[in-house]
Amino acid sequence: MSSTDISLHKDVHSGHDDHHDDHHEQSFIEKYIFSQDHKVIGKQFLFAGLFWAIIGGTFSSLFRFQLGFPEATFTFLEPILGKWVDGGKLNPEFYLALVTMHGTIMVFFVLTAGLSGTFSNFLIPLQIGARDMASGFMNMLSFWFFFLASVIMFYSIFLETGPAAGGWTVYPPLSALPQAISGSGAGMTMWLVSMALFIVSQLLGGVNYITTVINLRTRGMSMAKLPLTIWAFFLTAVLGLLAFPVLFSAALLLIFDRSFGTSFFLSDIYVAGEALTHTGGSPVLFQHLFWFLGHPEVYIVILPTFGIVSEVIATNARKPIFGYRAMIGSMLGISILSFIVWAHHMFVSGMNPFLGSVFMFLTLIIAVPSAVKVFNWLATLWRGNINFTPAMLFSVAFVSLFITGGVTGIILGNSALDIQMHDTYFVVAHFHLVMGSAAFFGMFAGVYHWFPKMFGRMIDEKLGYVHFWITFVCAYLIFMPMHYLGIAGFPRRYYTWTGFETFNKFLDMNSFITIAAIFVFFAQFIFIFNFIYSIFRGRRATENPWKSNTLEWTTPVNPGHGNWPGPLPVVYRWPYDYSKPGAPQDFIPQNVPYSQTQSSNLPYERDFE
Amino acid sequence: MNPLIFMLWLLIVSIVMMFAAFTSAYIVRREEGNWLEFDLPSVLLVNSIVLILSSVFMQWAYSSAKADNIKNVKLALVLTIVAGVAFLIGQWAGWGELVKNNVFFGGSTSNPSGSFLYVLTGVHAFHLITGLIFLIIVVISALKYKVHSRNLTRIKLCTIYWHFLGALWIYLYVFLVLNH
C-alpha cells in the first residue's frame, strides 16, 4: 500500500491500525454536519427518520379523522391546512394526497432510510470491529442525497396543487396524467425527482454496507461469528442493491411518459371525450417493474428488525440465540424468495391467472423460513432469565405482531382469497401489522437498546414502559378491528363511505379505530420527550449496561473517531455465549479468548485454548 | 480484494439490474403486440467495433502502466478517449438515422419499440460519459506521473469500468439484433 497517491487512499480505512493516531481538531461543520464518521451519520439518519415519522403520523391522524367522523366538521384544522379544509370538510383530493404521502414517507423515508440508515451505519463498523465504513465520503454523500430527497419531498407538500396523490405505488395512468388528479401535476414530478435521489442515496449506502461487511471485519470475525444484526443489515443492503435500480428504471420510463410524450405505460386513453396521443403502452408493465422493487422493499423494511430483535432477545433472555445457523439460513431464504413473489400484489391486475397460481405457490413458501424465525425467537425466550427492559418488551411485542400479521399473509397469498379481500381493509390491517407496526417496534427496540452507546446516557425506563404499553395496546386496538371491517367488505382507499347503506353500520368501529390512532399518535410524544431529554439529562451509561457480548460494548462510553482507542479487538467466539455452564458470569464477550475461560469450555473448544 | 474495486463491482451490479429491468420490460411489452418493427441503424455495428477497439486501447494502457511505460499509458488512454467520443458521435448519428426513418422518441407518431431503443442507447451513453470523465481523471493523474506499477488501483478501476461499459453495449446490441 506504499504509495505517493494519497488522495485515492485517504477515504479508505483499510483496517490498518495506524489511522487512529492522527487525531486532528475537527471544526463543528466537519464533526456534526458534513461528518464522515459512521456514528454521526447514523444519528443524522435517526433524527431525519424521527422527523419524517412525526410528519407521516400526523398525516395518518388527519385522514383517520375523516374516516372515523365522516359527518363532523373540522374547522379547527383550517388555520393549519388552509384551503385543503373547505367549510370544515377535508378536500377529497387532499385526502388522497395524505394517504399517498403517508405511505411514501413511512415506507421509504422512515422504515428504509430511518431504520437501516441508522442501524446499519451505527452498528456495522462497531460490531465487526472496524474503524469506520469502507468509504466515509460515500457514506456522507448517502446521507446528503437522502437529505436532498427529503427537502424536495417536503417542499412538494406545500405546492398549490398538492403533493403526489395517486397512491404510494404511483400506478400510471393516474400518476402519469395531470388531468387525472391535481396531485399528478408538479407534486408527482417532485415525487419522482425525490425518489430518484433517494435511490442514489440507498445505493451509495448499500454498496458501503456490503463492502464493509465483506472486507473490513476484524481478525477472527468470520462470517459464522457475525452477530445476526450484521447478517440482517448485509442482506438488506444486498436486496436494496438489486431492487432499487429496477425502481429507478421504472421511474425513468414514467418520467418520459409524463414529460416527453412516450407511451411505455400509457395505452389509448380518453380524457373528457378527447383521445390522448399516447398509444400502445402497458400499465401492467409498470406494476411488474414497481413490485419487483416493491416486494423486496417490504423485506428491506423488516430484515433489519429481524436482526435487531434477535440480538435484543438473546441478550435480555440471557440465553444463546436458538438456531443461529437456522436464523441465517432463514434470512437467506427469505431474501432469495423475496425476488420471485412480486406478482402476488397484482392478482387483481388482470394478469394471467396461471401466472398468479405460480406466484401464489412461491409466496406461500415464505411462510416456512418466517415460521423458523418465529420458532427460534420463542425457543430463545423459553425458560430464559428474562430482563424486561423497554427494548426487550418491544422485541417480544415485535414477535407477537409479526405472528399476527404474518398469519393473515397466508390468507392474502392465496389468489382466490386475495381477489375477495384485495380492496378491503383486510389488506391494510395485514401489512400495517406485519411490516408497519412490527418494523416500528423493531426500530424502537433498537433505539432503546443502543441508546447508551449512541449518546453515552441511559434512556428513562419508566417512560419507556408507559410508551411501550400504550403503543402495543393501541397497535392491536387499531388493526384488529380492521380485519373484521375487511372481511365484511369495507373498501379501502375510499374518501367517503357514508353513502353506502351496507357500510353505515361500521361507523362506531371506525370512530373507535380513529380514537385509538389519535391516542397512540400523541403517546409517541412521550418517546420523543424521553429521547431528547435523555440525550442531555439521562443517567450516565456504563460501557456495557446490558452485559452484552458484541464488540460495540467493548468501546468507551462515548466512542471517538476510530471507535477503539487502542488496537482493534480480536474475536475468538460467537456473540451468543450467554449463561454458559461453568462460567463465572452469565456472559462472555466475543473478544475473550478460550484460554481465559477454561472452566466453561466445551470439549471441542479445548483445542482453541 | 481492494475495497474500492469491490465497491465498483457492486455499482456494476446495480447498473446491470437497471438494464435487466429495461430489457425485460422490452420483452414483456413486445409480447403484447402493437409493436412497430423497423430496421436498426446500420451505424450501430460500426459503433460496436469502435467501442471494442477502445477496450483494446484501455487494456493496452493498463498493461503499459504495469510495465511502467508511462509514455504508452498516456498515448493509450488518449486513444481510448478518442474512440469513446467517436462511439458517442456514432450513436448520435444512429439517432439521426432513426429520426430520418420516422422512428421518434416521443409524440403522437412514436411507438414504444422506438422509444425503448432511444432509452437503451441514451442511458448507456450517459454511463459512457461518466466513464469518459473517469478516463480524463486518470489521464490527468498519468500526466502527474501518478499511474505506474506501484499505483495501479485507479487505472485498474477505470479499466474494469470501461470493459464493463463495452460488454454492456455488446449485450444491448446483440439483444436488439435478436429482438428485431
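Two residues are said to be in contact if their C-beta atoms, placed from the backbone, lie within 7 Å of each other. The model is predicted: local features need pLDDT of at least 70 and side-chain atom pairs count only at pLDDT 80 or more, while totals for chains, interfaces and linings use all residues. Residues are numbered from 1 along each chain as its sequence is written, and chains are lettered from A and ligands numbered from 1 in the order in which they are written.

Consider chain B to begin with. Its secondary structure comes to 5 helices and 0 strands; helices (H or I, at least four residues) and strands (E, at least two) are DSSP runs, numbered from the N terminus. The C-alpha atoms of chain B fill a box of roughly 55 × 30 × 25 Å along the principal axes. Among contacts in chain B with a separation of 6 or more, 79% join residues 24 or more positions apart.

One residue of chain B illustrates such a link. B:Tyr173 lies in helix α5 (residues 153-178) of chain B. Leaving aside neighbours within four places in sequence, B:Tyr173 is in contact with B:Leu44 and B:Ser48. The C-alpha atoms of B:Tyr173 and B:Leu45 are separated by 8.2 Å, although these residues are 128 residues apart along the chain. A residue counts as buried if 20 or more other C-beta atoms lie within 10 Å of its own, as exposed if 12 or fewer do, and as partly exposed in between, with C-beta atoms placed from the backbone. B:Tyr173 is partly exposed because 19 other C-beta atoms lie within 10 Å. Of the 180 residues in chain B, 34% are buried.

The two chains meet in a contact that takes 33 residues from chain A and 32 residues from chain B. On the side of chain A, α6 (186-215), α7 (228-259) and α8 (283-317) each supply at least two residues. The largest share, 8 residues, comes from α7(A). By class, this side of chain A has 18 nonpolar, 14 polar and 1 charged residues; Ala, Val, Leu, Ile, Met, Phe, Trp, Tyr, Cys and Pro count as nonpolar, Asp, Glu, Lys and Arg as charged, and the others, Gly among them, as polar.

Within chain A, helix α4 (residues 92-128) packs against α8(A). Their axes, which are lines fitted to C-alpha atoms over the stretch in contact, with angles running from 0 to 180 degrees between N-to-C directions, lie 10 Å apart at an angle of about 35°. Residues of α4(A), including A:Leu111 and A:Phe119, meet residues of α8(A), including A:Ile300 and A:Pro304. The residues of this contact divide into 8 nonpolar, 3 polar and 1 charged. Elsewhere in chain A, α12 (residues 390-413) is mostly covered, with 17 of its 24 residues buried.

Some backbone details remain. Most residues other than glycine have a negative phi, and most peptide bonds are trans. The peptide bond from A:Pro172 to A:Pro173, however, is cis, with omega near 5°, and A:Pro173 is placed in the loop between α5 (136-157) and α6 of chain A. A:Asn563 has a positive phi, near 70°, and is buried because 23 other C-beta atoms lie within 10 Å. B:Asn102 also has a positive phi, near 60°, but this residue is exposed because 11 other C-beta atoms lie within 10 Å. B:Asn102 is found in the loop between α3 (70-100) and α4 (112-143) of chain B.
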